[in-house]
Amino acid sequence: MRVISQLWRPATYLRWVYLLLGAALVLAFILVDSALGAVVADLDLPKVATGILWVVLGLLPPVALGLLPAVREVEGIAVESLLAVRFEERPLGPSRTWAQRRRTTVWFCLHLLAGGLIGVLSTIVFGLGAIWLAAPFRSPGARDVVPGWKYDVRGDWTDLWMPLAAIGMLAALFLLAAAVGALLAYLAPQVLGPTAAERIELLEKQTATLAERNRLARELHDSVGHALSLVTIQAAAARRVLASDPAFAETALAAMETSARAALADLDHVLGLLRDDRRPGARTAPQATLGGLDRLVEATRAGGITIDVERSGDLGQLPAAVSREAYRIVQEGLTNAIRHAGRPAGELAVRLSICLDASGLRLAVTNPVSGRSDHSGGGRGVAGIRERVTVLRGSVDAGPIDLPDGPGWQLAVRLPVSMTKG
């Protein structure tokens with residue numbers, strides 16, 4: 001029963017089709033070699049030289065074809081579709097190194113050998129099987145049931161063994177094709193697939209891609225989140241004073257438009273990068289640094305928020321990576337202050353401190369809070385800041401503090417840096 005069930009499995013027929021593709025390629029090479037062999041015969045060379053040329057003509061076409069980079073990609077598609085093999089590298093790309101080309105050539109020759117064997121047997125089985133299936137229905141005395149074998153067809157029930165034998169040969173052919181296909185399916189990942197070194201390289205690329213996407217997600221969260229927080233604050237302020245102070249309301253609406261446009265531009269750019277991240281030479285997202293701190297502060301102040309900035313040290317000496325992360329940390333700190341302080345924009349005063357000295361870079365964002373404050377909510381702001389600070393081997397402390405005029409909240413970050421610009 002297991003043998004019968006094996007015959008009905010789709011994988012059996014798909015493997016047979018894969019091997020027949022190899023047989024078709026063998027036939028094409030035979031036709032080419034026959035044409036070239038006629039030229040060799042006309043040269044009237046010694047037998048040794050003729051034999052060498054025949055060997056070269058037999059090996060050169062498949063080897064030359066197997067060395068083509070695209071053969072690995074084509075064979076990979078055929079193996080995945082017909083042999084049900086799943087490679088670690090998907091889709092299997094063209095050969096990029098000579099080692100991959102050599103392994104692809106070996107696999108291509110294996111495909112030709114296995115396909116040639118199954119192709120010859122298929123021709124014999126189907127040709128002979130058709131004759132044997134018709135044997136009981138032929139006129140008595142026919143002797144061409146097997147070439148070279150004198151057997152008199154009787155045209156009665158005694159000839160039933162021939163149709164049964166034909167069916168048995170057909171089943172054996174499919175089982176053999178399934179077995180050879182299973183062997184090729186076992187060898188394919190080892191020959192066509194990536195080696196251990198290539199798998200490590202592939203994992204490194206995947207890790208770098210995931211890290212870049214994670215960075216883009218943080219950038220998008222910080223940039224768009226800050227802009228939307230400003231829009232919310234500015235909309236609330238404009239609504240309250242729309243009748244009493246139209247000039248302020250118009251200023252707030254203009255600031256909302258600027259913030260929304262900036263957020264939309266960032267969103268469109270990051271989504272474009274995510275769509276095109278596999279394109280060779282794809283651009284990387286432009287990243288703001290502390291050089292753009294003044295623009296960030298002015299955009300925040302446009303919402304009616306008071307920001308007192310204290311800075312010391314030459315921020316231009318910061319390494320580029322630290323400057324980028326510090327900007328995002330300040331941006332997220334201001335966003336959290338706007339979102340969670342529990343105060344209207346006109347009543348919110350934030351103190352921003354940035355100090356660079358021999359001990360490193362220290363950032364602090366301090367703001368008063370009311371009873372409605374929700375700095376400890378389940379957002380990703382503080383968690384994202386901790387991720388950034390951890391990568392730079394710094395420290396972060398966020399929590400409530402006592403201010404002279406009441407309760408407050410402070411985000412304090414320290415980043416160790418060298419005093420060399422990079």
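This is a predicted model: local features need pLDDT of at least 70, side-chain atom pairs count only at pLDDT 80 or more; totals for chains, interfaces and linings use all residues.
Partly exposed, as I use it here, means a relative accessible area between 20% and 50%, with buried under 20% and exposed over 50%. That cut-off matters for Asp-357, which has a relative accessible area of 27% and so is partly exposed. I will come back to that residue.

First, the overall picture. The protein has 422 residues, and 39% of them are buried. Its secondary structure consists of 11 helices and 5 strands. If we take contacts between residues at least 6 apart in sequence, 71% of them join residues at least 24 apart.

Now the salt bridges. Side chains of opposite charge can pair when their charged atoms come close. How many salt bridges does a search of the whole structure find? It finds 4, and I will go through some of them.

Next, Arg-311 and Asp-294. These two form a salt bridge with the closest N and O atoms 2.8 Å apart. Arg-311 belongs to strand 1, residues 306-312, while Asp-294 belongs to helix 9, residues 293-301, so the pair ties together parts that are 17 residues apart in sequence. As for accessibility, Arg-311 is partly exposed at 44%, and Asp-294 is partly exposed at 46%.

Helix 9 comes up again with Arg-301 and Glu-298. Their salt bridge has its closest N and O atoms 3.1 Å apart. What separates the two residues along the helix? They are 3 residues apart in helix 9, which means a separation of about one helical turn. Arg-301 has 33% relative accessibility and counts as partly exposed. Glu-298, at 47%, counts as partly exposed too.

On to the backbone. Most residues other than glycine have a negative phi.

Ala-84 has a phi near 60 degrees, a positive value in a residue other than glycine. Where is Ala-84 found? It sits in the loop between helix 4, residues 69-82, and helix 5, residues 98-134. With a relative accessible area of 59%, Ala-84 is exposed.

For Arg-393, phi is likewise positive and near 60 degrees. This residue is in the loop between helix 11, residues 381-391, and strand 4, residues 395-403. Arg-393 counts as exposed, at 72% relative accessibility.

Last, a helix pair. Helix 3, residues 47-66, packs with helix 5 at an angle of about 130 degrees, and their axes are 8 Å apart. Angles over 145 degrees would count as roughly antiparallel, and 65 to 115 as roughly perpendicular. Helix 3 and helix 5 are therefore oblique to each other. Their crossing is right-handed. On the helix 3 side, the contact is made by Pro-62, Val-63, Leu-65 and Gly-66. On the helix 5 side, the residues are Arg-101, Thr-104, Thr-105, Phe-108 and Leu-112.

That is what I have on this model.

Conventions
Residues are numbered from 1 along each chain as its sequence is written. Side-chain values use heavy atoms; hydrogens and water are left out. Helices (H or I, at least four residues) and strands (E, at least two) are DSSP runs, numbered from the N terminus. Buried means under 20% relative accessible area, exposed over 50%, partly exposed in between (1.4 Å probe, protein chains only). Contact means heavy atoms within 4.5 Å. A salt bridge is a side-chain nitrogen of Lys or Arg within 4 Å of a carboxyl oxygen of Asp or Glu. Axes are lines fitted to C-alpha atoms, for helices over the stretch in contact, and angles run from 0 to 180 degrees between N-to-C directions. Angles under 35 degrees count as roughly parallel, over 145 as roughly antiparallel, 65 to 115 as roughly perpendicular and the rest as oblique. A crossing is left-handed if the near helix is turned anticlockwise from the far one by less than a right angle, and right-handed if clockwise.
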